[in-house]
Each structure stands twice: as structure tokens, then as C-alpha cells.
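Try each task before you read its solution.

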Amino acid sequence: MSRSATTSSRAGPLVVQPLKRRHCAECRTGPLRMLVLEDGTPRCLDCADLGHLVFLPRGDTALTRRSREESGLSAVVVRFNRRKGRYERQGVLVEEAGLARAEQRCLADAEARRRRRARDARRRVREDARFAEAFAAEIRRLFPGCPPERARDIAGHASVRGSGRVGRSAAGRALSEGAVTSAVAASVRHLDTPYDELLMSGVPRHEARRRIGAAVEGALRVWRGGREGAEGERGWGEGGGGRGRGGSPPPIRSLRPISEAR
């Protein structure tokens, strides 16, 4: 009888989908689609006493939760993501009978869960709209020279749910001045400077940011000053007048062409 599979706290045995060809150290079968590491040694599912379980891919939260509830033994399946440098859940191994019972439970209340998801989706849409409005209002408060349409565009982009952008961070949801300023600076960087072209031409990100840093600060200074600040700022082209696309200050691109920034 082999030693018990390596466990992850409260989650049961942990099963790995290997990136490299691995063989079981006990029965020598392989290459293995899934394995259990026991003190760093690979074991196949049969040798780890998990061979009778069936794989349920991630995706259906209710079915996954209920399958684990209905199974006396279950295991979490993970795979290492090299790009992100971390293990990510791929699904679970559960008892076949437990999966069947879970499927019956999901079929029994499928309509109720569908209606609940629809209600939750509508609620999230309303919450997101209110948050985007509050974010835009805070942009206008901190940067009175920013055109309302541009402020709404920045807020809408920064606050997309699940995007990982600054508006969805804890500081962004709290409407902190630093988070709001970061969102505005990012918009200016991408829309009103040659930053994207510098990146596409092979300039490293930190160097590209250094080259357009003064221009971004100049744009923020104009917007912070409101109408008077925008009129008094002499740096937007030869005459200092005119507006750029989207109601922004005149494009900083014309001031610092890529050929001059290199």
C-alpha cells in the first residue's frame, strides 16, 4: 500500500498535470497525464489510490461544488503556468457516483439558478454603471480641465469588472487620488503621446515611459488647472491652442516625434 497522496490543506489530495514527460516511480508507467507528488516523487493515480476517480474540468462552479460534496474522496487538479509563474486549478477528480448525483441536483434547480444568474448580472451592470459615474466625477474633480466625455471614457476603461485595471483595485474602488490619477495618466500616455509607437519600435517599456514622462506630466498639469490652466499652459504646439482627439489636449506626438525621441 503506497503512502497517502500529498494533500493541500482542506482541499484533499493535490494532483498535478505535468508539463514534462514523467513516469510513475512505483509502477514505471507513463508518460503520465496526471500524477501525485509524494515527497517529490511522482506516482500515478492508481499507485496513489486515486485511479477510481473521474476528472471534471473547471468551468461549472455549481457542478464542481456539488460533485465534491457528493464524493467521499476528491482531489484538486492543477497545472503550472510558466508565464504567470504559478499553479492554476484545472478541475477536480471526483467519484463517478458522486458526479452523477451532483448532475441530478444541478438539473433539478437549473431554472432557478439561471434566473439568479440573470438577476446577479443585472445587479452587477447597475453597480458598474454607478461606479463608473463616480469614477468619472472624481476625475472631473481632480482634473477640472479634462473634458467630460474624455473623463467618462477613462472611467469606463479603468473600471471594467475583471479587467485587473487600476479602477478595479482596492484603491480604485475607494476612489483614491492616486488610483484616479494613474488611470488618467495611463489614458494620456496611450492616446496623446508616442508611447505605443515607441513600444512597437522596440524601445523597452521603462525607457519609453521615461521619454514621454514630461509630456504626460504636462498634460496632467493642464487638466488640473481647468480652463485657465489650459489657456495659460504654453506647451501644446507652437500656439498652445487647439484640442486633440477625444477632447484631449493637442496630441503630444507632434511635439516629440519618435525620430527625435530616440
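**Aromatic pairs and a central strand**

In this predicted model, Phe131 and Phe135 share helix α3 (residues 110-142), where four residues, about one turn of the helix, separate them.

**Exercise 1.** Work out how the rings of Phe80 and Tyr87 are arranged.

*Solution.* Start with the number of aromatic pairs, which is two. For Phe80 and Tyr87, the ring centres lie 5.1 Å apart, within the 6.5 Å cut-off. Next, take the planes: they meet at 65°, and an angle over 60 degrees counts as edge-to-face, so this pair is edge-to-face. Phe131 and Phe135 also form an edge-to-face pair, with 5.9 Å from centre to centre and 65° between the planes.

**Exercise 2.** Decide whether Phe80, Phe131 and Phe135 are buried or partly exposed.

*Solution.* Phe80 has a relative accessibility of 30%, so Phe80 counts as partly exposed. Phe131 and Phe135, by contrast, are both buried.

**Exercise 3.** Find the strands that pair with β6 and give their directions.

*Solution.* Begin with β6 itself (residues 75-81): five of its seven residues are buried. Strand β2 (residues 12-16) runs parallel to β6, joined by three bridges, and Val16 faces Val78 across this pairing. On to strand β7 (residues 86-94), which is antiparallel to β6 and linked to it by seven bridges; here Arg79 stands opposite Glu88. Finally, look at the hairpin of β6 and β7: four residues lie between the strands, and Gly85 has a positive phi near 70°.

**Exercise 4.** Locate the charged end that sits over the ring of Tyr195.

*Solution.* The charged end belongs to Arg189, and lies 5.9 Å from the ring centre.

Methods. Residues are numbered from 1 along each chain as its sequence is written. This is a predicted model: local features need pLDDT of at least 70, side-chain atom pairs count only at pLDDT 80 or more; totals for chains, interfaces and linings use all residues. Side-chain values use heavy atoms; hydrogens and water are left out. Rings of Phe, Tyr and Trp (its six-membered ring) pair if their centres lie within 6.5 Å; planes under 30 degrees apart count as stacked, over 60 as edge-to-face and the rest as tilted. Buried means under 20% relative accessible area, exposed over 50%, partly exposed in between (1.4 Å probe, protein chains only). Helices (H or I, at least four residues) and strands (E, at least two) are DSSP runs, numbered from the N terminus. A charge sits over a ring if NZ of Lys or CZ of Arg is within 6 Å of the ring centre and within 35 degrees of the ring normal. Two strands pair if DSSP finds at least two bridges between them.
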